[in-house]
Amino acid sequence: MIENDLRAAFARLEALTPPTGPVRAAIERAAVRRRRRRFRLRVGGTALVLVAAATAGFTAFVPHQPAPATLLDEPAPPTPTGALNVLLLGVDSMSTQRPPLADSVLLVHLPADRSRPYLVSLPRDLEVAIPGLHRDKLNAAFAYGAGYDPPDQSKGYDLTRRAVVDLTGVPVDAGAVLTYPVLRKVTDALGGVEVCLPQPIRSSHTRRAYPAGCQRLDGAASVDLLRQRRGLPDGGLDRDRNAQRFAAGLVRRARAQDVLRDPVQLSRIVAAVGPDLTVAGRSVLDLLRVVPELTSVEPVGLSLPVELTGGSNGRLRADPKAAPAFLAALREDRLAEWAAAHPDRVTPIR
Amino acid sequence: MTYEEFADARLGALLRYAVMLTGDPHQAQDLVQETMVRVQLNWRRVARSDVPERYVRRMLTNQYVDWRRGSWARRVLLRGEPDEVPAPTDHAQSAVDRDELWSWLSRLPRRQRAALVLRYYEDLPDAEIAEILGCAVGTVRSCISRALATLRAEYMEVC
């Protein structure tokens, strides 16, 4: 009987069980290391404070009052002028078993005329030159940089940033790495975010289903939605569009609740995400000072035009016809013009 | 219950379970270590569950099922050293290597293997297995019967 053979095989295997003593000690050592790392991140995170909602939230400052940074006594540095580009990376799990991939790469472009934010998605399957390495998918740049033992978010961010700069030719002024827990906490701290979908989506990870139309999602549902790629007509590209829809909803929500001018709410959000968020480049407060200058906070969602390479793994390359004009518009701060000329390439956000 | 009490009482059992899953003492140790570090750091959440041990076993099982299921990037590019376990030297290991059944077992999908360990080593009822694997009781049964069918077909042929 196979069942009995199984029991016997397992019983023989018992002899291999390692003694508990050394394992227990190794667990303690590893836990201490990980606690220290957490602590370091927390200290760094709080300093950056960040309206974590740097996510998209920083656009939510209502053009109205001076930003908090200007209330400080010390001489304020000049508000950044000219176009600004902020790189947001959404990474999957941070585990020590495997390096994380940046599956959402979103460049937030704030034009020099401060008319409104532009969200430019760069597809994760886009084949790019990884600086110092070979050509690979864009999402792997984070993995090459970060490694996994343990993953170093700032190195992953840095390598991805260099790949994006090489690709687009625009300087990146600041950026942040967002993990699913960060997004979940920000969303919950805001009391949910409204996302408007053009078509229904059924989760392939959970039993959730998202009908077409607008719906308010809590943190867990938002994260689940942002993970969905399989079963969508355009796969990863549609997921990028959903990320833009989510970002737009987040901004609307933050604005509706007046979060960024309410110190109590702001500190609640900062407390929720501070420890988990990694931010780089210009200080967040510095960037926040730009926000009151924005005429509108309703973002425009765009993507780098791409096509399949026809190679393995569903790799994409920049569309040779449409991409150069798009990138030139991005570099020369003419995205408004470009979006007006290519309405079919603008993501319907609501 | 404190984390220390839990570890004192259950670490041995978890290690044995991990050995059954991985078939290798070193991998078992890694698996348990990774899981228990997370248990320790999140002890309050673990302690709040009805049966902490089952919760931890579920964490460990998930960790095992997801373990290095990695994509091309993780497998091909990001490993410094080869993945192979060094050639077995000790007697217990070579005894296992002689075990035909064992080699078939190691080729099963990980969830199926976990289900077999939970039923035939841990002797848990199907309902509890379902809770640990995070699926329905019917799924556990079909999972196990598929695994047994595979083993029967492969193993019996050899014998």
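Start in chain B: the buried residues of α4(B) pack against α1 (3–22), α2 (25–41), α3 (43–48), α8 (110–121) and α9 (126–133) of chain B. Here helices are DSSP runs of H or I with at least four residues, and strands are runs of E with at least two, numbered from the N terminus. Packing rests on contacts, meaning C-beta atoms, placed from the backbone, within 7 Å. Buried means 20 or more other C-beta atoms within 10 Å of a residue's own (exposed is 12 or fewer, partly exposed in between).

This is a predicted model, where local features need pLDDT of at least 70, side-chain atom pairs count only at pLDDT 80 or more, and totals for chains, interfaces and linings use all residues. Residues are numbered from 1 along each chain as its sequence is written, with chains lettered from A and ligands numbered from 1 in the order written.

Next, select V56(B), R57(B), L60(B), T61(B) and Y64(B), which are buried in α4(B). They cover an arc of only 140° around the axis (taken from the directions from the helix axis to the C-beta atoms), so they sit on the same side of α4(B).

Now move to chain A, with eleven helices and 14 strands. Of its 350 residues, 45% are buried.

Select α6 (219–227) and α7 (236–256) of chain A: their axes, lines fitted to C-alpha atoms over the stretch in contact, come within 8 Å and cross at roughly 150°. That makes α6(A) roughly antiparallel to α7(A) (over 145 degrees, on a 0 to 180 scale between N-to-C directions). Show S222(A), L225(A) and L226(A) of α6(A) with N242(A), A243(A) and F246(A) of α7(A), which make the contact.

Methods: Contact = placed C-beta atoms within 7 Å. Parallel < 35°, antiparallel > 145°, perpendicular 65-115°, else oblique.
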